[in-house]
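Have the picture open as you read.

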Amino acid sequence: MSGEAAPGAAGEGTTRTRLDRGRGALGPALELVHTGRAPTRAVLTAELGVTRATAGAVAAELEALGLIRVDARPGAAAGSQGRPSHRLELAEDGPVALAAQVHADGFRAALVGLGGRIVATAPGRETVDADPAKVLGSVVDAGAELLRETGRRCVGAGLAVPSAVAEPEGTALNPLHLAWPAGAPVRKIFAERVRAAGITGPAFAANDVNLAALAEHRHGAGRGARDLLCVATGHRGVGGALVLDGRLHTGSSGLALEVGHLTVNPEGRPCHCGSRGCLDVEADPLAFLTAAGRDPGPVVSLLQQANDLIRNQFADPIVRTATRALIDRLGQGLAGLVNILNPDRIILGGLHRTLLDADPERLRAVVADRSLWGQSGGVPILACTLDHNSLVGAAELAWQPLLDDPIAALART
């Protein structure tokens with residue numbers, strides 16, 4: 001035979017050359033599909049700034065890795081012009097991340113796919129032991145059982161906790177509402193339990209509101225914001241987070257945005273930090289139930305009790321007065337944050353989302369009246385839209401190595 005290439009070999013070589021040139025684009029391409037910003041190959045081409053052929057090779061490689069699906073038949077949306085493009089979708093049977101969350105009223109494990117889609121959840125537990133190793137062992141065991149039941153490949157695990165998590169040690173500095181010791185090495189314990197359960201891939205841990213903000217920025221109400229401020233109260237306390245240009249701003253050691261300890265009522269309730277009238281104790285579910293004259297019951301979580309009271313009994317003058325008092329405290333805290341941070345969007349989660357729904361104009365008016373930038377045009381204040389956003393955010397921690405380098409990350413699992 002002559003030294004000429006066999007039929008088809010030249011085309012295959014060209015495709016491989018394009019993929020080699022686009023290898024560094026695999027992660028950015030997957031992130032674009034993961035966050036819904038590249039629904040078609042044409043959009044992917046434009047966002048990556050590569051040729052159509054290179055984008056096609058990159059999409060094909062991600063499909064071969066079992067991460068996305070490329071529609072074999074290009075189509076165009078109704079009313080669109082130009083050449084039809086192949087649609088890109090995340091693989092429904094692709095890998096998952098194990099997500100775990102611990103809060104004052106219990107803990108839960110879930111499997112989360114790309115795109116922030118919750119694939120499976122274990123029943124939530126309502127008792128949180130004072131020993132973090134015992135709790136984290138239980139939540140990992142629940143996640144491992146989900147993996148056995150579904151047979152899904154796992155890329156790693158992420159944990160959300162109601163505490164500032166110091167970097168680089170991964171210690172929970174102030175798990176006040178869990179009765180865990182300050183400085184508990186939650187990341188180390190979690191990683192050990194993950195390995196002991198036979199789960200491959202890296203393990204991470206971070207503050208629950210930070211993770212809620214990350215999830216909302218990628219998949220929910222924060223999508224498209226450049227400087228996103230998230231403030232939320234879950235089961236106890238108040239937390240905050242800031243996402244700048246798509247990345248969490250956690251400060252020099254992971255402790256930024258401890259907004260719960262902004263003073264909003266100098267003569268108010270004593271706070272766990274030693275001060276008085278902090279947002280943490282003036283605008284959380286317990287503060288609301290107390291202001292409304294209700295004794296918290298043991299049957300359901302404080303968050304559910306507070307939400308139900310506002311949604312079902314807002315016409316009651318006592319409930320309405322308590323709701324507005326919390327709105328004013330929250331608005332005062334938000335105004336201070338707006339003056340300091342100048343965000344382009346604020347999103348509210350947990351009970352704060354319910355407060356916004358109950359009287360949106362009052363909250364927006366308080367923020368506008370008390371903030372310099374609010375008076376000059378206002379900052380959009382929206383409700384978080386994702387269910388279990390801290391769980392989804394915990395999964396985002398585990399997804400990040402895959403988004404950085406899909407081939408290397410999959411090789412480790």
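## A look around the fold

Of the contacts in the protein with a separation of 6 or more, 64% are between residues 24 or more positions apart; contact here means heavy atoms within 4.5 Å. Before going on, note that this is a predicted model, where local features need pLDDT of at least 70, side-chain atom pairs count only at pLDDT 80 or more, and totals for chains, interfaces and linings use all residues. Residues are numbered from 1 along each chain as its sequence is written, and side-chain values use heavy atoms, with hydrogens and water left out.

The protein has 16 helices and 14 strands. Those are DSSP runs numbered from the N terminus, with helices (H or I) of at least four residues and strands (E) of at least two. Along the principal axes, the C-alpha atoms fill a box of roughly 90 × 50 × 40 Å.

How much of the protein is buried? Of its 413 residues, 52% count as buried, meaning under 20% relative accessible area with a 1.4 Å probe and protein chains only. The accessible surface comes to about 18200 Å², and 50% of that belongs to carbon and sulfur atoms.

## Empty spaces

Rolling a probe the size of a water molecule over the atoms shows where empty space is left. On a 1 Å grid over the protein atoms alone, a cavity is a set of points where a 1.4 Å probe fits but cannot get out, while a pocket is an open set with protein on both sides within 12 Å along at least five of seven lines; lining residues have an atom within 4 Å of a point. Grid points are joined across faces, edges and corners, and a volume is the space filled by probe spheres set on the points.

How many cavities of 30 Å³ or more does the search find? There are two in the whole structure.

| Space | Volume | Lining by class |
|---|---|---|
| Largest cavity | about 40 Å³ | four nonpolar, four polar, one charged |
| Second largest cavity | about 30 Å³ | six nonpolar, one polar, one charged |
| Second largest pocket | about 240 Å³ | one nonpolar, four polar, six charged |

For these classes, Ala, Val, Leu, Ile, Met, Phe, Trp, Tyr, Cys and Pro are nonpolar, Asp, Glu, Lys and Arg are charged, and the others, Gly among them, are polar.

Around the largest cavity you'll find residues including Ala-164, Asn-207, Asn-210 and Glu-258. The second largest cavity has Val-155, Pro-202 and Arg-412 among its lining residues, and helix H15 (residues 389-404) gives the largest share of that lining, with three residues. Lining the second largest pocket are, among them, Glu-31, Arg-37, His-217, Asp-245 and Arg-247.

## Two residues up close

Is Val-135 buried or exposed? Val-135 counts as buried because its relative accessibility is 2%. Val-135 sits in helix H5 (residues 132-150). Leaving out residues up to four places away in sequence, Val-135 touches Val-102, Phe-107, Val-128, Asp-129 and Trp-180. Phe-190 is 55 residues from Val-135 in sequence, and their C-alpha atoms are 9.6 Å apart in space.

Asn-265 lies in the loop between strand E12 (247-248) and helix H8 (279-282). With a relative accessible area of 16%, Asn-265 is buried too. Again not counting residues up to four places away, Asn-265 touches Arg-276, Gly-277, Glu-282 and Arg-329.

Terms used:
Buried means under 20% relative accessible area, exposed over 50%, partly exposed in between (1.4 Å probe, protein chains only). Accessible areas come from the Shrake-Rupley method with a 1.4 Å probe; for residues, only the protein chains shown count as cover.
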